[in-house]
Amino acid sequence: MANVGIALPGTAIQGQVRWFAALIDTGASCTCIAATAATAIGVLPVGKQPMVSATGAEPVNQYIVDLLLPFNPPIVLSSLQTLEFVQAIQSPYQMLLGRDVLCRGIFTMNFNGTYTFCI
């Protein structure tokens, strides 16, 4: 789990970021945010896109956001397409960090729970 910053497009560099618990999900092709996170930052859907899962395909809201990854130095990903996912009951995660982000660099996970990411 990591805390990832989400902001309206074009505002992450200005520091207008809200932080959310994110699950690093190597099985997700696209980064997803919960409806509660979208509401918290005030982003509106730009359309719908089918989300494919083990149970089938369903149209979900699509958002464009800036992401701030908490590394040293911080990594800003501007105008990233994200999809909305249904947050599991009592889940602490409001975001799934998918391969669309992880494959932009070198992502290394260690057995002790630490990880690194380099672009």
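Select Glu 84 and Tyr 63. Their side chains are joined by a polar contact of 2.4 Å. A polar contact is a pair of N or O atoms within 3.5 Å; within protein, one must be able to donate a hydrogen and the other to accept it, and residues adjacent in sequence count only if both atoms are side-chain atoms. This is a predicted model, in which local features need pLDDT of at least 70 and side-chain atom pairs count only at pLDDT 80 or more, while totals for chains, interfaces and linings use all residues. Residues are numbered from 1 along each chain as its sequence is written, and side-chain values use heavy atoms, with hydrogens and water left out.

Stay on Glu 84. It sits in strand β6. Strands (E, at least two residues) and helices (H or I, at least four) are DSSP runs, numbered from the N terminus. Is Glu 84 buried or exposed? Glu 84 is buried, where buried means under 20% relative accessible area, exposed over 50%, and partly exposed in between (1.4 Å probe, protein chains only). Glu 84 has no salt bridge, a term for a side-chain nitrogen of Lys or Arg within 4 Å of a carboxyl oxygen of Asp or Glu. Now pick Lys 48. This is the nearest side chain of opposite charge, 6.8 Å away. Lys and Arg count as positive and Asp and Glu as negative; His and the chain ends are not counted.

Show what surrounds Glu 84. Leaving out residues up to four places away in sequence, Glu 84 touches Ile 33, Ala 35, Met 51, Val 60, Asn 61 and Tyr 63. Contact means heavy atoms within 4.5 Å.

Next, select β5, residues 56-69. Strands pair if DSSP finds at least two bridges between them. Which strands pair with β5?

- β1 (residues 2-7) is antiparallel to β5, over three bridges. Ile 6 has Leu 67 as its bridge partner.
- β4 (residues 47-53) also runs antiparallel to β5, with seven bridges. Pro 50 is partnered by Pro 59. Two residues lie between β4 and β5 in this hairpin.
- β6 (residues 75-85) pairs with β5 in the antiparallel sense over seven bridges. Find Val 65, opposite Leu 80.

Turn to the nonpolar interior. A nonpolar core is a set of buried Ala, Val, Leu, Ile, Met, Phe, Trp, Tyr and Cys residues joined through side-chain atoms within 4.5 Å. The largest one has 22 residues, and Ile 6, Leu 67, Leu 69 and Leu 97 have the most contacts inside it. Elements giving two or more residues to this core include β2 (18-24), α1 (35-41), β7 (95-97) and α2 (99-102). The largest share, four residues, comes from β5.

Click Leu 69. Beyond its neighbours within four places in sequence, Leu 69 is in contact with residues including Val 4, Pro 74, Leu 97 and Phe 117. Then look for a second, separate core of seven residues, among them Cys 30, Val 60, Phe 85 and Leu 96.

Two backbone stops follow. Most residues other than glycine have a negative phi. Ser 79, in β6, has a positive phi near 50°. Ser 79 is partly exposed, at 47% relative accessibility. Gln 90 lies in the loop between β6 and β7. Phi of Gln 90 is also positive, near 65°, and this residue is exposed at 79%.

Finish at Cys 118, in strand β9 (residues 115-118). Cys 118 is partly exposed, with a relative accessible area of 47%. Beyond neighbours within four places in sequence, Cys 118 is in contact with Gly 105 and Ile 106.
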